[in-house]
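Subject: Structure handover

Hello,

Here is the structure for you to look through. My notes on it follow below.

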Amino acid sequence: MTAGARAYGRTIAVAVVLLLPGGPATAATPAGATAAPAPRPYPLTVALRSLGPAVIRHDGDIRISGTVTNTSGRRITGAHIGVRIGAAGSADTRGALAEHAARTTLTRADGPELADRTARLAPLDAHAGRRFDLTLPVSGLGLDGAGAYPLTVTATRADGPVLGLTRGYLPVYPDGTDLERLRTTVLWPLTDVPHMEALTRRTGDGRVLPVFRDDALTAAFGPGGRLRRLVELGADQPVTWAVDPDLIVQAQAMARGYRVARTPGSSDPQEAGPGKGGKAAAGWLAALRKAVRGRDVIALPYADPDLASLARGADPALAALLRRASATGTAVVNRGLSVRARDGVAWPAAGMLDAGVAGYAHRLGLDTVLASGEGPGPYGAALVAGGATDDGAVALGHGTTALTYDATLASLLFRSHPAAGAAGEPARLALRQRLLAETLTAVRELPYAARDLVLVPPRRMPVGVARTLLSALAEGQEAGWLEPSRFEVGLRDPEAGELRDAGGRPAGLRESELPPERLAAVARDRRRLRALAKVLSDARATVASVRAALARSVSTGWRGDAAGARAYQEGVARYLTASIASVRLVPKSTVVVAGGSATIPVTVANGLQQDLTGVELRVLSSRPERARAVDRAVDVRASRAVSRTVRVRVSAHANGPVRLTAQLYTSADGRPWGAPMTFTADVRSVPSGAVAFVAGGVGLIALAAALRLRSARRRAPGG
């Protein structure tokens, strides 16, 4: 990259303060500074609902429409709507755009009101609203060449007081302007919070149906749902699809048949009803396969793990589980979508990249990390390439490359949540014009330098944000300053760089991380799964289901939903607890052993949904000289959901009660399984010869002990 491009990289680390239409807002106060008093709210809320054309390319008219709402408790008369263009003309830097958005009151920088371009407002009763329309000839606005011009629309009285205002931007790119196009890569994420549980239900015909904690994906996959609309909007667009393989797995499971828990996190598969989203899931998969044909596709790590949380102190064993899951997930995406997806891409929450995150990503086999382009400061770590933070690829060593994305635009997209329909028009318009202004100003900062820009929307991108983003990109491409690019282009020719620690992660990110005790619980569940697998006749389906659930337990999708994360992990734990506890010894109190040898029945309950194997029973005696088990261990096999009585041979030598303890062990490694069961064997009618033999044996033992003691005394000094 050129030195000019590096300078551009410095400019993108801008603190963004969004000024929502309708009133003043305050920016964050630096540490140690005294906060200025918050300005009094304006009595009128001004909101823009349409502005066209989005980009001014030639003479003609600009049409602006909006609404004014009286939010005060009194009637307001004598007001009008006016328009102002920034006094300094077009913004020279992206920092100037942020300054315009952050201003809460009218200043000289907003410029004078355009004469004869106002709209009179009829009297407004308290809480009443009015629509306004303005038509502005381009020739009378004083727009001087390409650039983003700050726009302020005010409601004022003739005597001067400002009653309300809103801000925006007028991007201007006259036909024939020939600046270097900004190569733009747009990530198009398809992720969601986890819905499928570890629990499965086996049907009478041998099928294994997964159980979902809720049926929310039915609406998301169906017509008008968020995930369905994202697929429809992204089809035929020059975007890079970023797909969570677990979402494909869940959709495929729904299409084949599934159940929905009546109580999320239940450990009983019988407490689940039929799911209703099979048709919607199948339709979504078909639409997605068509949409991604011939396009760039990234297979995210399975279940989109929270790398920052994991790097902070997860059990090393989880890395092996997640690495295996991600390899499987890539195959799922390739087969399910008929593509050759790119793998090995890590996406830390908020693009937070430090040495710990980079190291953990490397352990998972992820060689590319999407990272925020923020500079040193609040994000606790910075990418240093050639001495300056830059928006591009940075080689970090050990085969790891960081691809920085535009932090300002990512912040705009993340913070915007436009409502559907007419209610969201002001937010969608404000976002579109800001995106156009940001990208156009970026081009003007270095008008003849070839550069790459990576746009990363929120993981769970709202439909309104997706539509607005595509609209802004289309306008910028048609005007001529944006050019679609592929993901791999941004990775070419990375600069050598390093990670510089800057003192910790921001408080907001730390607070939303998975707590260490949750990660420890997931690691503990993994160990219990390994134990459970040893006693199953066919462990593959159960192991695959639980491993996937363990990966979902550490998903980035739980950020901001601590209760949901805890409930999901505890549901997995309850399932494992119930499964392990369902293989147990049925208690008994007393059995009668008649004669010198007999068999004792011990009942093993198998509450699993598949056959039990890999378990053996051992019985130990508290008085082996009176009664003991003949067999050291007896193999236990039981069909699914039944109890099996195992007969243990015992040899009795003396009448009377004997305490016996039965314990199950795993055959593979001889580890105890479950709790032991102690009972009494009442030995009766042992033949007299056997009793005499036992008594004689005891006598011989006593005699031998006496002789040994006498001999010892003789050898003792002084004996």
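Which helix gives the most to the lining of the second largest pocket? That is helix 16, with six residues. Please keep in mind that this is a predicted model.

The pocket

The second largest pocket has a volume of about 670 Å³. Its lining is made up of 24 residues, and those nearest the centre are Val249, Tyr302, Ala544, Ser545 and Ala548. Helix 16 spans residues 540-553. At least two lining residues each come from this helix, strand 9 (196-202), strand 10 (208-212), helix 5 (245-256) and helix 8 (316-337). Sorted by class, the lining holds 13 nonpolar, five polar and six charged residues.

Salt bridges

There are 32 salt bridges in the structure. Three of them are described here.

Aspartate 406 and arginine 94 form a salt bridge in which the closest N and O atoms are 2.8 Å apart. This pair links distant parts of the chain, 312 residues apart: aspartate 406 sits in the loop between strand 19 (400-405) and helix 10 (407-415), and arginine 94 is in helix 2 (residues 94-102). Aspartate 406 has a relative accessible area of 0%, so it is buried. Arginine 94, at 1%, is buried as well.

Aspartate 304 forms a salt bridge with arginine 459, with 2.5 Å between the closest N and O atoms. Aspartate 304 is in the loop between strand 14 (297-299) and helix 7 (307-311), and arginine 459 is in the loop between strand 20 (451-455) and helix 12 (463-479), so the pair ties together parts that are 155 residues apart in sequence. Aspartate 304 counts as buried because its relative accessibility is 5%. Arginine 459 has a relative accessible area of 13% and is buried too. As for networks, salt bridges that share partners join Arg94, Asp406, Arg434 and Glu438 into one.

The side chains of aspartate 175 and arginine 57 also meet in a salt bridge, at 3.2 Å from N to O. Here again distant parts of the chain are linked, 118 residues apart: aspartate 175 is in the loop between strand 7 (162-172) and strand 8 (182-190), while arginine 57 is in the loop between strand 1 and strand 2 (61-70). Are these two residues buried or partly exposed? Aspartate 175 counts as partly exposed, at 48% relative accessibility, and arginine 57 counts as partly exposed at 26%.

Strand 1

Strand 1 covers residues 44-52 and contains alanine 47. The relative accessibility of alanine 47 is 10%, and the cut-off for buried is under 20%, so this residue counts as buried. Alanine 47 and arginine 131 are 84 residues apart in sequence, and their C-alpha atoms are 9.5 Å apart in space.

An open sheet of five strands runs in the order 24-31-30-26-28, with mixed pairing. Strand 24 (590-594) and strand 28 (634-638) are the edge strands, each pairing on one side only. From one strand to the next, the twist averages 35 degrees. Within this sheet, strand 30 (residues 656-666) and strand 31 (residues 672-684) run antiparallel and are joined by nine bridges. Glycine 656 stands opposite valine 683 in strand 31.

Regards

Technical notes: Residues numbered from 1 in each chain as written. Predicted model: local features only at pLDDT ≥ 70, side-chain atom pairs only at ≥ 80, totals over all residues. Heavy atoms only, no water. 1 Å grid on protein atoms, 1.4 Å probe; cavity = no way out; pocket = protein on both sides within 12 Å on 5 of 7 lines; lining within 4 Å. Points joined across faces, edges and corners; volume = space filled by probe spheres on them. Helix = DSSP H or I, 4+ residues; strand = E, 2+ residues; numbered from the N terminus. Nonpolar A, V, L, I, M, F, W, Y, C, P; charged D, E, K, R; others polar. Buried < 20%, exposed > 50% of the residue type's maximum accessible area, 1.4 Å probe, protein only. Salt bridge = Lys/Arg side-chain N within 4 Å of Asp/Glu carboxyl O. Pairing = 2+ DSSP bridges. Axes fitted to C-alpha atoms, helices over the stretch in contact; angles between N-to-C directions.
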